Amino acid sequence: MQRRWDIFCTVVDNFGDIGVCWRLAKQLTQDHNQMVRLWVDDLRCFSCIAPDVNPEIQQQNVQAVEICQWQKAFPEVEPADVVIEAFACELPDIYIAAMARKNKQPVWINLDYLSAEPWVAQYHRLPSPHPRFPLTKTFFFPGFVPGTGGLLREKNLLAQREVFDIAAEQAFLDQKGLYERRSGEIRIALFCYDTAPVENLIGLLSESSSPVLLIVPQGRVADRIAAILSHVASPNESLIKHQQLTVQIIPFMAQNDYDRLLWSCDINFVRGEDSFVRAQWASNPFIWNIYPQAEGAHWKKLEAFLDLYTVGMPPEMATAVREMWFCWNGGKALNAPAWVNFLALRESLMQHNKEWVKQLLEQDDLVSGLVQFVENQL
Ligand code: TRH
């Protein structure tokens, strides 16, 4: 049944908050024919991953989603049938009061961050009554195993991935002005935090036995790489060559194009939450830079994912993956054996990742699960 949904998103930092909310909004409209209004407090950040969004316009329709700038002075609006509060962002008081006045209580969901930790299945779908109003909020936790909320996955995503062959890749590279594939080349997409050991990686790739193309989105990490290689590059150059390494700095892409970039690279360095999930759907070998948290809380999260992901890997493969990920997240210095051992496993990691995707497919995708949950409530 077609319902009205309000999704609320505050951009804390980076692109992950809006990245997840935008994907959720698109899937609700495109895959489930729902009516979605998306409230976002930072349209400029939003427009980096959705070029159709005009940051100057406070209310606009993009890909059948109504996008509204979420400002401090919140207007009086009729609350939707379903209200999603992303990552515990606080809903405006005036909106909560309007929800409480409705004859039929809206379904109110807090969509939380993704984690592979075992407690997630216990907390998923727990209700939390509001202290003052006759309203109940339900906690929805994405996750990797049955009993959690699942992962964001468009209905046609894996079919599109399947038909992305050499010709489709070539067309994509041409369209995006990406460097042509050279024979024997290793093609890498790099999306990471400032804290990742980029200097070490640049050193290792420059001395690689095969040519390497490193594709980096514009931003602080790209600036850092340009600075590291300033002896061979002039400022603002988007193509930098040093020994075996070619670095191509590119503008941010729309989410659909970014998927294709991940499909066309041999190794994907990804980060945070959403690009990390997209790398899994891509099936190519990937290295995760987890979002660093205070007091090292992220290490537990990283371990929890590795515990699930490495099941079924031969021991030497599991060790190589753990070692490379540990180094990349600053557990110890990134060294040549860690990189070379990981690289040597490319083919078998691809096979493992295909099995991993099959395992993930045993769960419903997050949006189908949400829609089902809502229908049972209303
Ligand atoms: O930007 P992030 O570091 O976001 C983070 C995480 O979500 C983290 O968990 C959260 O706490 C923090 O934000 C506030 O990484 P993430 O999650 O991968 O989000 C990036 C989004 O940007 C994702 O939707 C993919 C998209 N993207 C593009 O659309 N085009 C691009 O060119 C690139 C590089 C990314």
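This is a predicted model: local features need pLDDT of at least 70, side-chain atom pairs count only at pLDDT 80 or more; totals for chains, interfaces and linings use all residues.
Reader: What makes domain 1 and domain 2 separate units of the protein chain?

Author: The bounds come from a domain assignment, which gives domain 1 as 4–150 + 364–377 and domain 2 as 157–360. The C-alpha centres of domain 1 and domain 2 lie 30 Å apart. The contact takes 19 residues from domain 1 and 21 residues from domain 2.

Reader: Why is the pair of arginine 23 and aspartate 274 called a salt bridge?

Author: The closest N and O atoms of arginine 23 and aspartate 274 are 2.9 Å apart. A salt bridge requires a side-chain nitrogen of Lys or Arg within 4 Å of a carboxyl oxygen of Asp or Glu, so the pair qualifies. The count between domain 1 and domain 2 is one salt bridge, and seven residue pairs are in polar contact.

Reader: What is the area buried between domain 1 and domain 2, and which residues of domain 1 lose the most?

Author: About 1800 Å² is buried between the two domains, with carbon and sulfur atoms giving 57%. On the side of domain 1, Arg23, Leu114 and Phe144 lose the most area to domain 2, together 35% of what that side buries.

Reader: Which helix gives the most residues to the side of domain 1 that touches domain 2?

Author: Helix H1 gives the most, with five residues. Helix H1 (16–32) and helix H2 (43–49) each supply at least two residues of that side.

Reader: How is the side of domain 1 that touches domain 2 made up by class?

Author: That side has 12 nonpolar, three polar and four charged residues.

Technical notes:
Residues are numbered from 1 along each chain as its sequence is written. Side-chain values use heavy atoms; hydrogens and water are left out. Domain bounds come from an automatic or database domain assignment. Contact means heavy atoms within 4.5 Å. Buried area is the accessible area (1.4 Å probe) that two parts lose on being put together, summed over both. A polar contact is a pair of N or O atoms within 3.5 Å; within protein, one must be able to donate a hydrogen and the other to accept it, and residues adjacent in sequence count only if both atoms are side-chain atoms. Helices (H or I, at least four residues) and strands (E, at least two) are DSSP runs, numbered from the N terminus. Ala, Val, Leu, Ile, Met, Phe, Trp, Tyr, Cys and Pro count as nonpolar, Asp, Glu, Lys and Arg as charged, and the others, Gly among them, as polar.
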